[in-house]
Structures are given as structure tokens and as C-alpha cells.
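Please look over the structure below before reading the briefing. The points that follow are grouped by topic.

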Amino acid sequence: MDINIAAQLNSFLAAFVLLTAFGMLVQRRMYGLVHLFAWQGLFLSVNTAVVGFVAGKHHLYISSLLTLTLKVILLPYILHVLIRRLKVHKEVEVVVNIPMTMLIGIALVIFSYYLMSPVTQLSTLVTRSTLAVALATVMIGLLMMITRKHAVTQIIGFLAMENGLFFAATSATYGMPLVVELGVAIDVLIAAFIFGIFFFHIHTTFDSLDVDQMERLKED
Amino acid sequence: MTFTPIEIISSAVLLLFLTILIAPLLRGRQRLLINASFTMASAASLLGLIGGVWVVAGGLTSRIILPVGLPDLPFHLRVDPLAGFFITVISLLSFFVSLYSIGYVKGYIGRRPVTSLAVFYCLFLSGMLMVVLADDALFFLISWEVMAAASYFLVMFEDERIENRRAALLYLVVAHVGAIAILLSFGIMAGLTTGFESFSGYTFDAMRQAEVPLKWSTAAFLLALFGFAAKAGVVPLHVWLPEAHPVAPSNVSALMSGVMLKTAIYGIVRVSFDLLGTFPWWCGAIVLILGLISAVMGVLYALMQHDLKRLLAYHSVENIGIILIGIGLSMVFVSFNMPLLAALGLIAGLYHTMNHAVFKGLLFMGAGAVLHATNERNMEEMGGLIHRMPWTAALFLIGCVSISALPPFNGFVSEWLTFQAFLLSPALPSPLLKLLIPMGAALLALTGALAAACFVKAFGVTFLGQWRGHNMPRVHEADWFMRFGMILGALSCLLLGILPALFIDWMDIIPQQLIGTKTGASSGAYGWLWLTPVARERASYSGMIVFGGILLVVVAAYIILHVKPGTIRRVPVWDCGFGKLNPRMQYNATSFSMPIRRIFGFLFNIRERVQLTPRAIHKAFPKRLYYYLRVRDRFWSWLYKPIVEFSLFLSRYAGRLQQGRIQAYLIYSFITIIVLLVFSR
């Protein structure tokens, strides 16, 4: 593959990752969110494979595969099961209204480009232009956690942040060492299980997954 | 096979650790546990005593490096005569107190399990020994914390009472504020020795050799002084002391008051004379002023107390003040390059350290025996105990005479030496000191007089007269273990008082190493019999001859009164024709101290109320009279209350950040990230 085409492909996929991030920011329905999360994982996985091919780093194929199984299949499946069991597939409540959230998200993307411009000038990697996108994905994930009230959406926001970090690692340094990535993957998986268990408990305790309910936990 | 002194002292620490391990195994058999663990503790103390005396007598310095601790930061252990002296003091008193504890702790059997008392007692002893053994900042601070934590649990021993829990918490807070200051002080010294580049400056050896700029050494000294003063209970950091000492078991109070406070004195001497070596003259003046304030305020507060152990605790503040006066004078003289007087001041301070350990230990043991027998700490309820507890009364009296600085006992000698340091000092080139030195001597004299008044009250109200409480409990004399501990204490009070020249000769190596001159206190034609600081024509004292004189007078009086029968007649007390004398009409602790309360009333926060019952026909014939008196420490409202209120105010303000909403917390981190990114770009 030509290096130019690879760079184009990389940018194209980055655009899709960002697009799904924005999609998650505006999506009100639970299932829709999970699907968007799965799509984001898929773009990430393909992107990792492409970068691995261009850079000749074969361990990236393993991370790509790992991303595919974990973030495209396993985690969305767990979330699906959670939503079905807890019957929380209704519309998602938001703290800030959707257009406002979109505007903040756009501001964050511009901010990330502004932040990353010196790094982009110094870097010689094929993937350098996507670094800002990765940072924006992280920040949008955090924004999503802030603007949503529902515990499951908070977790999806958290996982989206992790996606952004993974993306940043691939674009900044052609991925982390395999050991680290394996560790992170296991962490994410275990985190998902723990969240699942906690949700059941929170649901039985508060009869809701609205995090506002947890204000009651505060000591006066 | 030969031993070095440091090995003997370390084996004492190891023996204590072994006891800590064994004690929980004997949990089921409390009597055996008490016998075994306190016997082992006294054996360990004996080992420490041998090692300590040997080190000072030989002027030895030896060290061990233990390959434990953090990587590349091993523990350094070292004894020199200064450390040996403090090990001697600690071991001497802990030997007495451990023997005493065998009897005392048995009083708890059937009331509560004493396993934790035995374990923390041994941990506390080992902590104190390790503090003195430590030769690097890390090991020092670890030992310091072990000591503080162990004594915290000992204060908490009877934890069902709220006053004990409060006292323990206050103690822990003050101890840790002090520990932070000590940590910072060591940090400055260690950092400057290596230019803040490596950790190798943490040993005391490195600090000794370093040339620290004067302003930094002053900062390090002031921090260390603050930290150690908090531990020693120097006014105004003394508030924890009268709370914590009375509520701890009495054997622990004896150790805390007798020797734990002395580790802080050790710290001050170690940091100022040994590690820093140079300090501006006003540092010594600060120590001197703090000592004077503590001495006077301590004794005045002690006079106001009617809880026997609380009274003794305030006397510890006073005596720490007297010790600091000696050390402060010594520091002033060092700064003005007068080594002979500096040595005299240091010896006076250190000798008083030893004496205070012995007599305060004895007094607390006596108070413990009274508490053990009557279950009462309030002196207003006591009286007449001399008939039921003759041994305790006689031994407590010896402690009272010693602490009141009366010859021939030991308190007199060290206070006399401090006076000599005051009186022999020539005109110093500073107007403040010119004022301070005569005033200090006057204040010290005042302190001695007030202390004597206070112990007349303590002894008189507790042991003389008749029982003041409503019904007298079944009082029993202390058992032989407790008596033995107290007898040893009283004997050492006497020996330290009548043979001071011998002991000062023994410890004269310390000023020689730290200042460079011996006092030569016993030099002169008369040898060990006469104590002659500086010059024989100026002042000299012979404890032995004074003791002989007093003995002669007593024997003569006894012979005159008892040889011929009929010289002593027992008749009823003349009651002015009133006819209904009862024990409530005796002088009590409050009435005894009333004149002094009137004179020095402005120093206390006093609330006094006299209330007559309204049904009285005339003011002169009240049916019933209520008298209410509350004396409080002014420092609490001056210094501590504002701090407490300010920190509460700040916490309430900061508490608004904590809303309990996850989104709010996420926004905090989000904003933090954005701000950091903007600034780091």
C-alpha cells in the first residue's frame, strides 16, 4: 500500500471515530449508544490494522484483533445484556441540552487541534494528523460522562475515553508495547464486569440507575 | 566472647520485641502474662542500664549499620556518651517501673484484659530506646512514631471513658504536629548537606560534617525546637500533657512523665549541640525564656489542681522548664564562647533530667499506689492515708522533698547547679540577656518556692488529716512489687542527692564531647565529698555532710522526745467549744491554694461562684452554701480555640466543593485537565 493512501485512509477512519464520538454525544437512546460504541470500536480496530501494516509493526495486528473482539463484540454484548436485564432502554436524560453539548464538543475539537499543533509539526509519523482527533475523542468521552445522568451512559462515556486513549497511542507512537496493551485490555474487560455487578446492586438499592440518586450517599 | 555496649543495648531492644511476640500467646493466663512480660521488661531495662552506664563511663562511641529499611537507606545505630546518658535515664526508671508494674497491673485482673497494656508497654520502652540509639533521620523518625503510637494506645487503655479518648486524640494530634516540624527540620539539614541532590545526607554523620549556612541552621533549629517542645510539653504546647498523663495507667504515666518527655530534651540537645553546632545567641535565649515560662506557669497551674495525677503532670511542665533553663543557659554561653559555664549549664540541665526522671517516676508510682488502693484521683476526697499506707506515704514524701528542691535529696543539687550557672555568669554583651539572667534566677527561685508549697498541699491533703470523702473505701497498702519499685526510686533520689560529685564526674564526658570542656565539678582538694562547680571559693556543696547533719538532728530529736516516757501526750483536738468537728472542716486542696489563686489570678481563667440557699434567715446563717470553682488554662482560649475555629471554618468552606454529585466531581477533573493543558502547551 502506498504511504499516501495509508495516510488518507488513516485520516478517513479518524474522521469516522470523531463522528461516532459526536454521535454518542447526541444519541438519546440506549441501544443506539451501544451500537455507536461498537462502530467506534470497529473503526479503531481497522485503523490499528492499517497503521500496523504501514509501519510494519506486526504486534499491532494483535491489538487490532483484541480491539475487535473486546470493543466491537464483547463489551457491546455485555452492555446489551445489562440494558435488557435492567430494562433501562428508555430515552436517556441529559443535564445540558443537546445543541449546547454539540457546541461544547466542537469547541473541544478546536481546542485539541490548537493544543496538538506543535506536536504535529515535530512528528514525522504517518499518523501525526490524527493525534488531535484522538485527544478530542478523549475529551468528548469525558464531556459525555459529565452531561449524562444515567449510570450506563457514564460507563459508555468512560469506555469511549479509553478508545480515545488507545487511538492516541496508535497515532502518537504506533501503539504501546504489546504487554501494556494486553494489560489495558484486561483492565477494561474487568472494569466492564465490575460495572455490571455494581449496576445490579445500585439498581436494587436505589431502584434506579440515575446517578443523581447517589447524592443520598453523601454524609452531611 | 566479648560484647560491645551497643550490642548490649540492642539486645535489650530485642528482648523487648521478644516480649511483644510472647505476650499475646499468654493471653489466656493473665497473671502469668503480667509476671512474665514485666519481668522481661525489667530484665531488658537492666541490660540497657548496664550498656548505658558503661558507654558514659568509658566515653565510648560505637555504631552498627542494620541492612533493613528502605533500599539504599539502611538504619544507622550509634551510641555516644550523650545517648548513653539518656539510655541510662530511660532504663533506670523503666527498671523501677517494670518491677512496680508487676504489682500494679494485677489490679486490672478481673476488670479488663491487660494483654494490650503489656504489649504496648514493651513497644513504648523499645521505641524510647530506639529514638536514642538512632543515628539517621529515617530511623529516628520511625522510632519517634513507634514511641508516639505506643503511648497513644497506652493512654487509650481504659477507653470506655470519653475523657480518655479525648485526651488520647489530643495527644496524638500534638505529637504529630510536632513530628512534622521535626521531619522538616531534618529535611533542611539533610537537604543542605548534599545540596538537595541525593538522599545520602539523611545520616546524622553527614549532618554533623556539613557546613550549613547560618540562616538555614537557624530555621532547622527553630523547627526542631518547636517539634521537640510539643513532645516535651513546653508552654504553650503543654495542653495535651495534663490531659493525657492522668488518664493513662499510673505505671505508664510514670514512664511518660519521667522519661518520654526526656527524649524531647535529648532531641533538642542532639540537634543543637551535636548536629548543628552553630546557632545565633538568641536561639539559646529563646530556649531560656521558654524554660522560664514553662517553669513558672507549670507550677502555678499545678497548684490549682486537685487531681493528684494532673497536679504531677503539671509539675512535669515545670521541671521540663527547669531543664530547658539549664540547656538554654548553656547555649547562650556557647554562643558567647564561655565553654566552662556552658558545660556547667549543660550538666545542670542533664542532671536535672536524670533527677526528674527518678523523682517524678517515684511520685507517679506513689500516686498509682494511692489510686490502686482507693480508686480515687481527686485529692478533695482523700486524707489520712498515712495510717493505712505508711510505706507509700513515706516514699511519696521522699519524692515530694526531692521535687521541692530541698536538701539532701537530688532535686536540690540540680537546681543549685542551675542557680550557680545563673549566678556565676558574667556580664554578657547583650542588653536582653543582662535583664534576663537576674530575672531568670529570681523566677527559678519563685518556682522552687511554689513547688514546695504545692507539694505541701499534695502530701498534706492526701496523706494527713482524716478521710474527706463520704465513706472511706477499704484501703490497702501497696504490695511488695510496687513497694520495691518505689523503694528503689527513693534510694536513687537519696544517692543522687548525697553523692552528686560522683555522678557528675561520671557524666562529665558529655560536655567534653559536645562543648569541649569538662566542668570539673568535683575537682579540688576535697574530692568526691564536695561539689564545687567552677571554683571552690565561689560555691560548694556537700550532700553527704548535709545529710549527716539532718540525720543527726532527727536522731537527737527522736531521742529527746522518746527516751523519757511522758514527753508525748495524746489528747483530743481543741475544737473552740464547737463540739461537732467533722472531716469536712479540714483544710482541703482548694482552700490551701486560695492565697496563691488570689495573687496570680490574672494568669488563669477563673470562674468562682458562691451561692447561699435562698431560705436563709440572714446572710450570716446560711442553711446551705454552694461553692463553685472552675480554673482553666488561658492558653486554650488564647491559642488553641482560634486555631480550631479557623480550621473548622476552612473545612466548612471546602466542604461546599463536595456535593455528592458525580457530574460535579467529573467537571472538577475536566476543568483541571483543560487548565493544565493550556498552561503546559
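**Salt bridges in chain B**

B:Arg208 and B:Asp135 form a salt bridge, with their closest N and O atoms 3.5 Å apart. B:Arg208 lies in helix α7 of chain B and B:Asp135 in the loop between α4 (115-133) and α5 (137-155), so this pair ties together parts that are 73 residues apart in sequence. The model is predicted.

**Charged pairs and their network**

- Side chains of opposite charge can pair when their charged atoms come close.
- B:Asp135 counts as buried because its relative accessibility is 2%, and buried means under 20%.
- A second salt bridge joins the side chains of B:Arg63 and B:Asp205, at 2.4 Å from N to O.
- B:Arg63 belongs to strand β1 (residues 62-70) of chain B and B:Asp205 to helix α7 (residues 204-209) of chain B, so the pair ties together parts that are 142 residues apart in sequence.
- B:Arg63 is partly exposed, with a relative accessible area of 44%, and B:Asp205 also counts as partly exposed, at 24% relative accessibility.
- Which residues are linked with B:Arg63 and B:Asp205 in a network of salt bridges? The network is made up of B:Arg63, B:Arg78, B:Asp80, B:Asp135, B:Asp205, B:Arg208, B:Arg270 and B:Asp274.
- B:Arg377 forms a salt bridge with B:Asp307, and the closest N and O atoms are 3.0 Å apart.
- That pair links distant parts of the chain, 70 residues apart: B:Arg377 is in the loop between α13 (339-374) and α14 (385-388) of chain B, and B:Asp307 is in the loop between α11 (281-304) and α12 (308-335) of chain B.
- Both B:Arg377 and B:Asp307 are buried.
- Over all chains, a search of the whole structure finds 14 salt bridges.

**A buried phenylalanine**

- B:Phe459 sits in helix α17 (residues 431-463) of chain B.
- Is B:Phe459 buried or exposed? B:Phe459 counts as buried because its relative accessibility is 10%, and the cut-off for buried is under 20%.
- Leaving out residues up to four places away in sequence, B:Phe459 touches B:Ile386, B:Ala393, B:Phe396, B:Leu397, B:Cys400 and B:Leu464.
- B:Ala441 is 18 residues from B:Phe459 along the chain, and their C-alpha atoms are separated by 27 Å.

**A nonpolar surface patch**

- B:Leu551, B:Val555, B:Tyr558, B:Ile559 and B:Val563 make a nonpolar surface patch of about 490 Å².
- One of these residues, B:Ile559, is in helix α21 (residues 543-562) of chain B.
- B:Ile559 is partly exposed, with a relative accessible area of 44%.
- An α-helix has 3.6 residues a turn, so residues three or four places apart point the same way.

**A helix of chain A**

- Helix α2 (residues 30-55) of chain A has 26 residues.
- From its first C-alpha to its last, α2 of chain A reaches 37 Å, close to the 38 Å expected at 1.5 Å a residue.
- A:Gly56 follows α2 of chain A, and the phi of A:Gly56 is positive, near 70 degrees.

**Contact of chains A and B**

- How many residues does the contact take from chain A and chain B? The contact takes 19 residues from chain A and 14 residues from chain B.
- The size of an interface is often given as the accessible area lost when the parts come together.
- Between them, chain A and chain B bury about 1,600 Å², and 70% of it is on carbon and sulfur atoms.

Methods: Residues numbered from 1 in each chain as written. Chains lettered and ligands numbered in written order. Predicted model: local features only at pLDDT ≥ 70, side-chain atom pairs only at ≥ 80, totals over all residues. Heavy atoms only, no water. Patch = residues over 30% accessible without salt bridge, like charges linked within 9 Å, V, L, I, M, F, W, Y side chains within 5 Å. Areas by Shrake-Rupley, 256 points an atom, 1.4 Å probe, with all protein chains shown as cover. Salt bridge = Lys/Arg side-chain N within 4 Å of Asp/Glu carboxyl O. Helix = DSSP H or I, 4+ residues; strand = E, 2+ residues; numbered from the N terminus. Buried < 20%, exposed > 50% of the residue type's maximum accessible area, 1.4 Å probe, protein only. Expected span 1.5 Å × (residues − 1). Contact = heavy atoms within 4.5 Å. Buried area = accessible area lost by both parts, 1.4 Å probe.
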